[in-house]
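Here's a quick briefing to read alongside the sequence and the 3D view.

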Amino acid sequence: INLQLINLENDRDTLISVCEFWLAIAECEMNKNANLQIISRTAESLIPFLFRISANIPFDECDSSETYEPHVVAAQALQAIVACAPTLLPILLNFLEFANSEHFGEREAALNILNYIIQFCDPSSILIESLNLIGKKLGDSSPRVRQTAVYCVHAVLNSILTKKNSCPFV
């Protein structure tokens, strides 16, 4: 699958459809409806592709619950991919460097990746860096980035409450 053929200049509906397709594949694999193993075979090109879409946010204001734009569906697809394939942590870690980007969309997308790592992977190897990054981004100039940092705090607290002694944050 050549994801490079689809660029961010495609129309909104095409991007949403492509992201919905990958979201459906990930959900199928996550729910064990099919043993497709498509996500693991395409992750190296799929994750950067969806990251680019999720970071391509046209406005700095926070989304409403009714917002259904390509960046929202791409983030949902990324979340489902990480949930169904937590072994992708080495690939995901590459995107955390975007948390210091000048572009608010890249900072938000990087924090989304961190949020998914906290929820579905073992973040032990990046524990201190994660907490420092979240703390720093709670004061970011972008309301979107601050909101996503709050989601990361929620993921950390939820991890502590649900995983108890097996939680790396305890």
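Val156 is buried, at 9% relative accessible area (buried means under 20%, exposed over 50%, partly exposed in between, with a 1.4 Å probe and protein chains only). Bear in mind that this is a predicted model, where local features need pLDDT of at least 70 and side-chain atom pairs count only at pLDDT 80 or more, while totals for chains, interfaces and linings use all residues. Residues are numbered from 1 along each chain as its sequence is written, and side-chain values use heavy atoms, with hydrogens and water left out.

**Around helix H7**
- Val156 sits in helix H7, which covers residues 143-163 (helices are DSSP runs of H or I, at least four residues, numbered from the N terminus).
- Between the C-alpha atoms of Val156 and Phe59 there are 27 Å, with the two residues 97 apart along the chain.
- Ile160 is in helix H7 too, but Ile160 is partly exposed, at 31% relative accessible area.

**Cysteines**
- The whole structure has 0 disulfides (a disulfide is a pair of cysteine sulfur atoms within 2.5 Å).
- Cys19 is in no disulfide, and its nearest cysteine sulfur, in Cys84, is 15 Å away.
- Cys19 is buried, with a relative accessible area of 0%.
- Cys84 has its closest cysteine sulfur in Cys28, and at 10 Å that is too far for a bond.
- Cys84 also counts as buried, at 19% relative accessibility.

Conventions. Helices (H or I, at least four residues) and strands (E, at least two) are DSSP runs, numbered from the N terminus.
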